[in-house]
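Please keep the structure in view while reading.

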Amino acid sequence: MFRGKKYQEASKLVENGKLYDVKEAIETVKKSSYTKFDGSVELHVKLGVDSRQADQQVRGAVVLPNGTGKKVRVLVITKEGNFKAAQEAGADYVGAEEMIQKIQTENWLDFDVMIASPDMMAAIGRIGRLLGPKGLMPNPKTGTVTPNVAQAVKDAKAGKVEYRLDKNNIIHLMIGKVSFEDDKLMENFDTVMGAILKAKPAAAKGQYVKSVSLSATMGPGVSINPAVLG
């Protein structure tokens with residue numbers, strides 16, 4: 001794969017074949033970030049599970065102690081009695097059937113998180129084929145299907161992130177911005193990794209965490225020694 005000159009220069013800051021400790025990896029990722037905008041710091045974790053097996057799925061959500069640095073647009077679909085609470089909690093969009101209709105007829109997806117009360121899930125199922133591929137379908141496992149929509153909105157706005165395996169058994173997610181202080185990125189990293197380690201399926205055999213790396217937006221990956229993760 002062809003890489004641009006800036007990427008090649010940034011790659012020189014990463015020692016080939018080295019497994020870094022977390023602190024040094026964060027420092028290296030920040031040094032190797034070359035975008036003019038405030039890039040994201042992304043975590044990539046390859047697990048020794050088979051995502052094709054139902055009993056080896058790894059999925060959940062966790063609130064980052066220092067947030068993601070990203071403004072999150074939240075849509076709440078619930079009954080009218082919950083509208084005010086959702087709005088006061090900071091939801092960007094609130095509605096019921098009319099919002100489902102808007103998504104269905106206009107292919108409107110200008111939000112980052114959908115939160116739904118359980119009594120709306122049957123209706124939301126009609127647009128599952130639109131939401132699913134975008135990772136926007138509410139799910140009880142990630143706390144986005146709940147009767148307490150107000151708390152779910154607050155969590156999403158505070159920096160709640162979802163983690164799930166892709167088809168290659170890798171979890172990809174954002175843990176903050178390059179501009180974050182090192183210790184704040186470290187706290188976010190530890191929180192996410194703690195959740196992933198706790199979510200180890202009983203059916204998983206052998207080495208659970210195969211590899212861990214951090215990278216800045218469009219930047220080179222920095223590998224972390226799994227042995228330091230406990």
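The side chain of Thr217 reaches the backbone nitrogen of Ser40 at 2.7 Å, a polar contact, that is, a pair of N or O atoms within 3.5 Å, one able to donate a hydrogen and the other to accept it, where residues adjacent in sequence count only if both atoms are side-chain atoms. This is a predicted model, in which local features need pLDDT of at least 70 and side-chain atom pairs count only at pLDDT 80 or more, while totals for chains, interfaces and linings use all residues. Residues are numbered from 1 along each chain as its sequence is written, and side-chain values use heavy atoms, leaving out hydrogens and water.

Thr217 is placed in the loop between β8 and β9; strands are DSSP runs (E, at least two residues) and helices likewise (H or I, at least four), numbered from the N terminus. With a relative accessible area of 16%, Thr217 is buried (under 20%; exposed is over 50%, partly exposed in between, with a 1.4 Å probe and protein chains only). Beyond its neighbours within four places in sequence, Thr217 is in contact (heavy atoms within 4.5 Å) with Thr35, Phe37, Gly39, Ser40 and Glu42.

In soluble globular proteins, nonpolar side chains tend to be buried together. A nonpolar core is a set of buried Ala, Val, Leu, Ile, Met, Phe, Trp, Tyr and Cys residues joined through side-chain atoms within 4.5 Å. The largest one here has 37 residues, of which Leu43, Leu47, Phe189 and Leu214 touch the most other members. Helix α8 gives the most to this core, with 6 residues.
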